[in-house]
Amino acid sequence: MPAIVLVGIFFVVPQILNFRFAFSNWTTFSPEIRWNGLDNFVSLIDQGFLLRGIGVTLTYAVIAMAVQNVVSLSLAYSLKDSTRINGFFRSLFFVPVLLSPLAAGYIWRGVLAPNGPLNDFIGIFVPGFNWAWLGELSTALASVAFIDAWKWIGLSTLVYIAGINAVPRELIEASIIDGTSAWQRFWKVTFPMLAPAFTFNLVVTLVGAFSAYDVIAATTGGGPGDSTRSLNILLRMQWGQGNFGTGSALGFTITVLVILVAIPLVWVLRRREAKL
Amino acid sequence: MKHGKIVGVSLVAIVAAGSLASCSTDGGSSSGGIELTVWHNTADTDAVLSIYEDYEKATGNTINLVDITSDGFEEATLTKWATGDRPDILEYHGFTAGIDQLGGGQNFISLEGMPFIEASGGLYDVAGRGSDGNVYAAITSFPEVWGLFYNKQVLADNGLEPATTQAELVEQCKVLSAAGIPTIAESGGSSWPPQAIPLMESASLAPAGWSQDVLDKKTTIDADDSPMLAGIQAFEDLLDDGCMNEDITTTTFEAAVSKVYTGEAAYQPLHSNIINVYVDAAGGDNELLGQTVGFSALGADEPTVAVNPGPIGTFLVPKTGDSAKEEAAKEFIEFVTGEHYATYVKDSGTFPVIEGVDDPTDVSPLLLEVKAAYDSGKQVGFINGNVPGGMQGQAALLSELIAGQKSAKDVASALQSQLATAAKAQGLSGW
């Protein structure tokens with residue numbers, strides 16, 4: 001009950017109170033705030049912002065979610081045993097989680113610069129290699145999504161490690177006696193038992209990436225062109241131009257997007273857990 | 001009856017004269033003890049910060065400084081403003097669209113009639129006014145002067161004089177490209193600098209009253225004869241001709257400064273307020289910088305200096321409803337533009353914009369070149385500053401042009417659409 005009250009006071013009520021601004025003509029130009037129906041959404045669609053922003057945000061979220069979960073699951077499996085060396089690497093991979101997203105963005109902006117260390121390294125094998133990872137339309141979005149994934153991999157790794165270590169030892173031993181290979185043991189025994197961890201990580205990474213802003217702001221600022229303009233980047237652009245109503249409409253869109261994706265996703269994954 | 005009227009008018013005149021006298025004799029009618037809240041940019045120089053301290057000493061009033069972080073300064077100000085919060089003095093931009101964005105005459109006290117306006121030459125012909133024509137911003141700092149920073153050795157080695165027009169830039173591009181040197185170090189990685197060429201060239205081309213014609217719907221930003229479209233087209237032409245650095249999408253303006261300073265590129269189109277970055281590139285050696293880098297004006301067809309008052313040292317007086325504080329805030333404006341101005345110019349080391357104060361003597365050679373361009377070229381204001389919204393979406397649109405997603409015409413059309421949105425929001429008739 002206290003949790004519901006807290007969520008209600010600090011999340012639900014402010015959200016509901018703010019929704020009305022998405023349907024208002026609120027700008028810096030006038031002190032009057034009036035209801036304007038769907039004008040803000042029509043304006044955003046006319047300018048090509050809304051659908052493009054949703055597309056960029058979804059693509060970013062899917063890439064970040066996929067990279068983060070594949071890598072963290074692999075890391076978790078490698079680091080599942082509680083040894084001193086594994087403890088060191090678990091801590092090492094957790095360091096980016098503690099970094100400010102802006103700091104992470106600035107670090108990677110340097111690493112991925114045309115004259116940065118990544119290109120220098122590739123240049124050892126491909127002499128003269130020069131690629132603006134964050135400056136080319138084809139790689140900018142994937143690059144910033146990768147940075148977001150890198151930043152949060154440590155957290156999802158810990159969740160997967162906890163899940164793997166919660167698998168009953170007898171099950172593993174029984175499967176060994178049955179003559180399964182390590183690969184079979186992972187897919188047939190461990191992975192199904194990881195369903196709750198999988199649900200948590202999938203939903204948190206996907207929904208978290210819908211709020212993509214800080215890493216993008218620190219690396220590309222939404223460019224090149226409009227290739228990394230997520231909904232939150234667009235929101236800031238509208239806000240900066242004093243168009244608070246259209247900015248609020250973009251915020252409202254993000255909320256709706258999260259609800260539309262998170263609720264069915266959680267429902268499907270929970271059903272999957274029950275089946276497994 | 002008639003006699004009574006005369007007496008009444010005389011009494012009003014006496015009271016008014018008395019009020020004015022008390023204002024002018026001691027430099028401020030507020031007798032001290034008033035606290036003024038100032039929203040100020042965290043990038044304020046020491047000279048600007050000294051203004052606040054000196055005002056407190058001179059008047060007995062106190063100043064409560066509220067920091068507005070310089071990174072995202074406009075957004076932060078707009079956000080605070082949107083909540084209904086108001087300072088007694090606002091340090092902000094002094095161009096028309098910026099003033100109008102905060103409500104113009106609805107929210108600011110007019111400074112019309114104050115002596116500094118008359119004493120600032122033609123500065124208030126291009127800045128400081130809202131769209132209703134009244135002056136709302138007191139500009140104390142030497143404005144941003146937009147032009148081309150250039151590497152002297154690169155030009156000399158290739159037998160070139162500093163370019164001052166688009167045609168000269170295009171011609172020099174052929175020579176410099178043959179020598180393997182990018183003509184322009186452009187910095188899309190910092191988002192805003194690519195606006196420089198479109199803004200400078202459009203300002204030089206715009207006929208008088210063009211912005212009003214746009215507002216009156218006699219023309220549009222994307223019309224074939226639009227100066228804004230011509231400026232954007234000039235940028236696109238230089239880009240398409242290979243006159244800009246290949247790493248334009250990731251280069252920051254600081255990196256572009258380095259390219260020009262070291263001779264990796266010939267020109268950087270930007271404003272004079274980034275001189276300190278050049279000074280840093282030269283290791284703080286102003287003499288060496290003066291020998292290495294120069295500054296010239298740029299226009300579409302003739303050398304033109306586009307000037308733009310920056311927010312640092314530009315003050316506006318919001319309406320707060322507290323007459324004592326509003327009066328004290330106006331006295332602050334009188335103080336900074338009057339008795340304290342010589343001290344400010346001396347402290348800041350920049351040139352005065354208000355007459356009656358001598359130029360500082362210890363000025364870097366590069367800044368002297370900026371001043372020479374300011375004094376000698378035709379002075380114009382940016383045309384974006386006079387239309388609703390200030391074309392603030394331009395940087396993002398130019399990023400799309402650089403990425404090949406939009407043409408110059410597309411960018412101009414999008415700007416027209418954004419202007420329409422802002423004009424409608426402002427409640428302008430016909431929009």
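1. Let's start with a term: a residue is called buried under 20% relative accessible area, exposed over 50% and partly exposed in between, using a 1.4 Å probe and protein chains only. By that scale D85(B), at 35%, is partly exposed.

2. A word on the model before we go on. This is a predicted model, where local features need pLDDT of at least 70 and side-chain atom pairs count only at pLDDT 80 or more, while totals for chains, interfaces and linings use all residues. Residues are numbered from 1 along each chain as its sequence is written, chains are lettered from A and ligands numbered from 1 in the order in which they are written, and side-chain values use heavy atoms, leaving out hydrogens and water.

3. Now to the charges. Side chains of opposite charge can pair when their charged atoms come close. A salt bridge here is a side-chain nitrogen of Lys or Arg within 4 Å of a carboxyl oxygen of Asp or Glu, and the structure holds 16 of them over all chains.

4. Look back at D85(B): its salt-bridge partner is K80(B), with the closest N and O atoms 3.7 Å apart. K80(B) is partly exposed too, at 27%.

5. In chain A, R270(A) and E273(A) form a salt bridge at 3.0 Å, N to O. Both sit in helix 13 (residues 244-275), 3 residues apart, about one turn of the helix. Helices are DSSP runs (H or I, at least four residues), numbered from the N terminus. E273(A) is buried, at 17%.

6. Which residues does a network of salt bridges link? They are R229(A), E400(B) and K406(B).

Technical notes: Helices (H or I, at least four residues) and strands (E, at least two) are DSSP runs, numbered from the N terminus.
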